[in-house]
Amino acid sequence: MGCIMGLICAFAAYRLQGTGMFWVAVVAAVAQFWVYGVLSNFAHGSPGGVDDAPDWTGCVSMLATGTGLVLLGVSFLLPRA
């Protein structure tokens with residue numbers, strides 16, 4: 001699921017090229033893919049699985065996903081050149 005959310009953030013960055021919100025979308029995509037990697041490491045490397053992951057990783061994932069979804073919606077509202 002995290003990979004799909006990362007792709008949504010990356011698609012938002014692609015659609016926002018040339019605007020002031022491009023770098024915000026890039027940061028959201030990088031953060032989402034980073035958190036996906038952290039949670040994958042916990043899922044495969046610890047006996048408790050993802051339940052052993054720190055709570056802040058979920059918060060970062062939700063913030064990055066929310067930011068990416070909002071920016072994707074904004075990208076459809078902006079006029080294309």
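Buried here means under 20% relative accessible area, exposed means over 50%, and partly exposed lies in between, with a 1.4 Å probe and protein chains only. The structure is a predicted model, in which local features need pLDDT of at least 70 and side-chain atom pairs count only at pLDDT 80 or more, while totals for chains, interfaces and linings use all residues. Residues are numbered from 1 along each chain as its sequence is written, and side-chain values use heavy atoms, with hydrogens and water left out.

**View 1. Ser-75 in helix H3.** Helices are DSSP runs of H or I with at least four residues, strands are runs of E with at least two, and both are numbered from the N terminus. Ser-75 has a relative accessible area of 1% and is therefore buried. A polar atom of the Ser-75 side chain lies 2.6 Å from the backbone oxygen of Leu-72. Leaving aside residues up to four places away in sequence, Ser-75 touches Arg-15 and Leu-16, where contact means heavy atoms within 4.5 Å.

**View 2. The largest nonpolar core, made up of 7 residues.** A nonpolar core is a set of buried Ala, Val, Leu, Ile, Met, Phe, Trp, Tyr and Cys residues joined through side-chain atoms within 4.5 Å. The members of this core are Ala-12, Ala-13, Leu-16, Phe-22, Ala-25, Leu-71 and Leu-72. Helix H1 (2-15), H2 and H3 are the elements that give two or more residues to this core. Leu-72, one of the core residues, touches Ile-8, Phe-11, Ala-12 and Arg-15 when residues up to four places away in sequence are not counted.

**View 3. A nonpolar surface patch formed by Leu-7, Phe-33 and Tyr-36.** The patch covers about 270 Å², with accessible areas taken from the Shrake-Rupley method with a 1.4 Å probe and, for residues, only the protein chains shown counting as cover. Phe-33 is placed in helix H2 (residues 22-45) and counts as partly exposed because its relative accessibility is 34%.

**View 4. Pro-47 in the loop between H2 and helix H3 (55-77).** With a relative accessible area of 88%, Pro-47 is exposed. Pro-47 and Leu-72 are 25 residues apart in sequence, and their C-alpha atoms are 37 Å apart in space.

Terms used. Patches are made of residues with over 30% relative accessible area and no salt bridge: like charges are joined within 9 Å, nonpolar side chains (Val, Leu, Ile, Met, Phe, Trp, Tyr) within 5 Å. A salt bridge is a side-chain nitrogen of Lys or Arg within 4 Å of a carboxyl oxygen of Asp or Glu. A polar contact is a pair of N or O atoms within 3.5 Å; within protein, one must be able to donate a hydrogen and the other to accept it, and residues adjacent in sequence count only if both atoms are side-chain atoms.
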